[in-house]
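Trainee: I am new to this structure and would like to learn how to read its features. Could we go through a few of them together?

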Amino acid sequence: MVSSTQMTVPFLDLGAQLGAIEADIKQAIDRVIAAQSFVLGPSVEQFEEHFAAYCAIRYALGVSSGTAALHLALLACGIGPGDEVITTAHTFIATCWAITYAGARPVLVDVDPETLTIDPQRIPAAVTARTRAIIPVHLYGQPADMDPIMAIARQHRLAVVEDACQAHGARYKGRRVGSIGDIGCFSFYPGKNLGAFGEAGAVVTDDATLAAAVRTQRNHGQAQRYHHDLLGFNYRMDGIQAAVLNVKLRHLDRWNSRRRAHAHTYDALLAACPGLRLTHQRGDSESVYHLYVVRSHRRDALRAYLAEQGIDTGIHYPVPIHRQPAYAELGYAAGDFPITEEACVTLLSLPMYAELTPLQVSYVAQAVWQFQTWQTTGQGDRATRDARVDDRERQNRLWRV
Ligand SMILES: *Cc1c(COP(=O)(O)O)cnc(C)c1O
């Protein structure tokens, strides 16, 4: 039970984001309804123009999801059956679905223990004669270390498809993610930093040939209506989603900088917290903190304690790709990616979104401290902890009277 003196901190609060922009969004949706242009059309073209400018890249193409973006990007790069694509064992599974949809085989690499993004030093050992592409994932909003990845790709003539589905607006050495590799992929799933009112995604590239292939294949493979040059898909973006995204894109940098401010507060408050490991941020990059992730060896108990304090948390992700039954066919075993495996049992995502208040951030940090201190001062057994919680509840009751 959450007592009345406690705060409630949801994991994500999309309602709070809507407040100030709701009228603008409704107007934009009304314009799509008036124009009756529900699939592609002017609002999608406008979004493509604005999003390309935002990413400082020539082409942006609206598609139906981040997964569709990754699938189309791989197809545009010519990836198909018999090919291998290198990515990380620590990602959302859609990164790998796209490889499988293209008919290729995901080859997994472990992550860097500090940043939890793909470890470039481990990539060369995974390259074979069949390797055609690398998909670095800008996990949690932090750019993967792109320079060494690009160097390996150039050396072996591999395409680089950036999975920027969690990193809209993040920068690597000053450059926006998505614009560094050959082609970049974004998701606008509602909970992402830039979220639609349903499913949506985008592919960005500087390469006119890749852009043309994506443009054709997202729309039934037709460059001209009812003339199908390539295998096609129905992967088009909705007009209404583009209308919503057009309004939200104007606020993205402000929202991202608020996320960064909250992350810096968490960092400062939790730096010395016993038994807690923060996610290291490389100094050459600017993360957009899609998630704020810490690691604790008492993760599940910490999570339960935070829930008792009214704080919602998440786990991204509890099961690595190579331990998913759907990917048993890849033939990996437990222990193949030890850093990823350890992360999966220790990591915890704390509440993170622009509209968090400083008071909420310090309340969360304080609750984390409280639990971690009990764990490391020999007072961590359940009975002592329960006694303390009871004690506080008694005080709360007294206080309410
Ligand atoms: C969200 C996400 C995707 C998939 O995006 P959808 O729009 O849900 O299809 C792919 N990769 C990563 C890393 C993601 O976080």
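Trainee: Where is Arg176 placed?

Mentor: Helices (H or I, at least four residues) and strands (E, at least two) are DSSP runs, numbered from the N terminus. Arg176 is in strand β7, residues 175-176. This is a predicted model, in which local features need pLDDT of at least 70 and side-chain atom pairs count only at pLDDT 80 or more, while totals for chains, interfaces and linings use all residues. Residues are numbered from 1 along each chain as its sequence is written, and side-chain values use heavy atoms, with hydrogens and water left out.

Trainee: Is Arg176 buried or exposed?

Mentor: Buried means under 20% relative accessible area, exposed over 50%, and partly exposed in between (1.4 Å probe, protein chains only). Arg176 counts as buried, because its relative accessibility is 10%.

Trainee: Which backbone oxygen lies 3.1 Å from a polar atom of the Arg176 side chain?

Mentor: A polar contact is a pair of N or O atoms within 3.5 Å; within protein, one must be able to donate a hydrogen and the other to accept it, and residues adjacent in sequence count only if both atoms are side-chain atoms. For the side chain of Arg176, the backbone oxygen is that of Tyr54.

Trainee: What about Arg282, and where does that residue lie?

Mentor: Arg282 is in the loop between β12 (276-278) and β13. With 14% relative accessibility, Arg282 counts as buried. The side chains of Arg282 and Ser285 are joined by a polar contact of 2.9 Å.

Trainee: Where is Ser287, and how far is Ser287 from Ser257 in space?

Mentor: Ser287 is in the loop between β13 (285-286) and β14 (292-296). Ser287 is buried, at a relative accessible area of 5%.

Trainee: Which residues other than glycine have a positive phi?

Mentor: Tyr140 is one of them, with phi near 65°. Tyr140 lies in the loop between β4 (131-134) and α6 (146-156), and is buried at 4% relative accessible area. Another is His220, with phi near 60°. His220 belongs to the loop between α7 (208-217) and β10 (222-224) and counts as partly exposed, at 33% relative accessibility.

Trainee: Is the peptide bond from His316 to Tyr317 cis or trans?

Mentor: That bond is cis, with omega near 15°. Tyr317 lies in the loop between α10 (299-308) and α11 (338-346).

Trainee: Let us turn to the ligand. Which residues come nearest to the ligand?

Mentor: A residue is near a molecule if one of its heavy atoms lies within 4 Å of it. There are 14 residues around the ligand, and Gly66, Thr67, Asp163, Ser187 and Lys192 come nearest.

Trainee: Which elements give two or more residues to the shell around the ligand?

Mentor: These are α4 (66-76) and α5 (94-101). The largest share, three residues, comes from α4.
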